[in-house]
Amino acid sequence: LSRPARKQKDFVDPKKYHLEGANEYNIWYGKFMGDYNNKSDREAAGDRCVLKTDAGATKADLMNSDRRHARYFCVHFAHGICAKGSECIFYHRVPTPEDDVKCDELMDCFGRQRHSKHKDDMSGVGSFMKPCRTLFVGNLLKTKYDSPKALEDAVWRHFGEWGELESCNVIHRLSIAFPRYRLRTSAEFAREAMASQSLDKGEILSIRWAFDDPNPVAQDAVDRADKDALAALLQAKGLCLKPAGFEYPPEYQLPEAKRLRLDEGGDILQEHPELAYPDTDSQYMEYYQQMMQFQLQQQQQMSAAASAASSMVAASAPFVPATAPPPPTDSASVAGASVGANVSESYYAKQAALARLGIYADDDIEEPAEATASGGDSKKEVKEAEEEEKEEEDGKEEESGWQKFKDEASGAFYYFNRSTGESSWENPASESTQSASIVDS
């Protein structure tokens, strides 16, 4: 449809209508909390959908309607009370075979969730375990029609407006009818559109889902109709239903199930080699060899990269001799250096022990003169100054060739020059720097 959908109502009173399925669903009673009692059998519907004037294009026709963004039909349009018209996000028309294919089996055409079983009174949205395309129509006023044929024509005309009918069985002595649609979505739409409506004589129709017909002939007809509907659904989805181009011979029988062991315990493949599975290793041998070569190349590349990385690390690491060079033999220097080292090490050892116990009482331990002679600076500034001094000394040692070692016997540090073989308790690099600064001045 190219024309815009017409507004069926300018205003909808919310007191007279409610949103079906908006509340929590009660699985014990099989209905949503707050649903009203069904009064459709006693009160006539105030409005009715007229397709000739009401149907038209809405926003749903302009949107993507694939399975991930499914669009449904407007239930208020089916009741004849939609106040949005072309601004509605649901379809304002009757379902087509294409819509029936896209509709989810767990939902009806209006987007409401279907249940596994029908309600006891066969009302509601229907069942997805037992889909029904036949409606039960009650409260027909057969006495007001001129003939049974007139009643049948009225049923065909009013219910055929909502979709293609396969059959319409009217039982005059009971004043009931069973219209059967070709599409499930057409039956769902017709059930909502004709609820509490009238035909030609002012009756109030009672619409329910129909039970299965116990007549065997009718059951066979229903089975054939279901097969035809299933074939049409498969064709609409693009599946080919043509018979295969070959047929098995009449004497063909399916082979028995393969058994690896006989009853006597022997191997069945030895006595019947034709039952063995074909050897397909030769088909994939070339691919297997290529994969093995690729894995071997990867392993070689990884080993080469690991060896290169280890060589780079070894080249960048400083040279450490297996045995340290001998320290200087000056006894006085050894004594002074060992005393200073012991004093500093004992102080910092005590500080570390207290820190591990969670005690940070620096004032309880007398700090050695080396650590307190900072000219009134804070400990943070002293630490930064020591780090800068250490970096300068390391740089000077690298330039002069002197390296720093620790004497295991006394715990003091000494310096050794590998190019000349000399050793000293004092840092010669700092002394040379001081002499050079004196000469420059």
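## Arginine 6 and aspartate 54

Arginine 6 has a relative accessible area of 40% and is therefore partly exposed. In this predicted model, arginine 6 forms a salt bridge with aspartate 54, and the closest N and O atoms of the two are 2.3 Å apart. Arginine 6 belongs to the segment before β1 (25-26) and aspartate 54 to helix α1 (residues 51-54), so the bridge ties together parts that are 48 residues apart in sequence. Aspartate 54, with a relative accessible area of 2%, is buried.

## Further salt bridges

Side chains of opposite charge can pair when their charged atoms come close. The structure holds 18 salt bridges. One of the pairs consists of glutamate 87 and lysine 59, whose closest N and O atoms are 3.2 Å apart. This pair links distant parts of the chain, 28 residues apart: glutamate 87 is in the loop between α3 and α4, and lysine 59 is in helix α2. Glutamate 87 is partly exposed, at 48% relative accessible area, and lysine 59 is partly exposed as well, at 35%.

Glutamate 192 forms a salt bridge with arginine 191, with 2.8 Å between the closest N and O atoms. Both of these residues, glutamate 192 and arginine 191, are buried.

## Aromatic pairs

A search of the whole structure finds 6 aromatic pairs. One of them joins phenylalanine 73 and tyrosine 91 in a tilted arrangement, with 5.3 Å from centre to centre and 50° between the planes. The two residues are 18 residues apart and link distant parts of the chain: phenylalanine 73 is in the loop between α2 (59-62) and α3 (75-79), and tyrosine 91 in the loop between α3 and α4 (97-102). Phenylalanine 73 is buried, at 5% relative accessible area, and tyrosine 91 is buried at 6%.

Tryptophan 162 and phenylalanine 189 form another tilted aromatic pair, with a centre-to-centre distance of 5.8 Å and 45° between the planes. Because tryptophan 162 lies in the loop between α5 (148-159) and β4 (165-171) and phenylalanine 189 in helix α6 (residues 184-193), the pair ties together parts that are 27 residues apart in sequence. Both tryptophan 162 and phenylalanine 189 are buried. One aromatic cluster is formed by Phe73, Phe77, Tyr91, Phe110, Trp162 and Phe189.

## A negative surface patch

On the surface, Glu384, Glu386, Glu387 and Glu388 gather in a patch of negative charge. Glutamate 384 is located in helix α12 (residues 379-400). With a relative accessibility of 39%, glutamate 384 counts as partly exposed.

Technical notes
Residues numbered from 1 in each chain as written. Predicted model: local features only at pLDDT ≥ 70, side-chain atom pairs only at ≥ 80, totals over all residues. Heavy atoms only, no water. Patch = residues over 30% accessible without salt bridge, like charges linked within 9 Å, V, L, I, M, F, W, Y side chains within 5 Å. Areas by Shrake-Rupley, 256 points an atom, 1.4 Å probe, with all protein chains shown as cover. Salt bridge = Lys/Arg side-chain N within 4 Å of Asp/Glu carboxyl O. Lys, Arg positive; Asp, Glu negative; His and termini not counted. Charge placed at Lys NZ, Arg CZ, Asp CG, Glu CD. Helix = DSSP H or I, 4+ residues; strand = E, 2+ residues; numbered from the N terminus. Buried < 20%, exposed > 50% of the residue type's maximum accessible area, 1.4 Å probe, protein only. Phe/Tyr/Trp six-rings, centres within 6.5 Å; stacked < 30°, edge-to-face > 60°.
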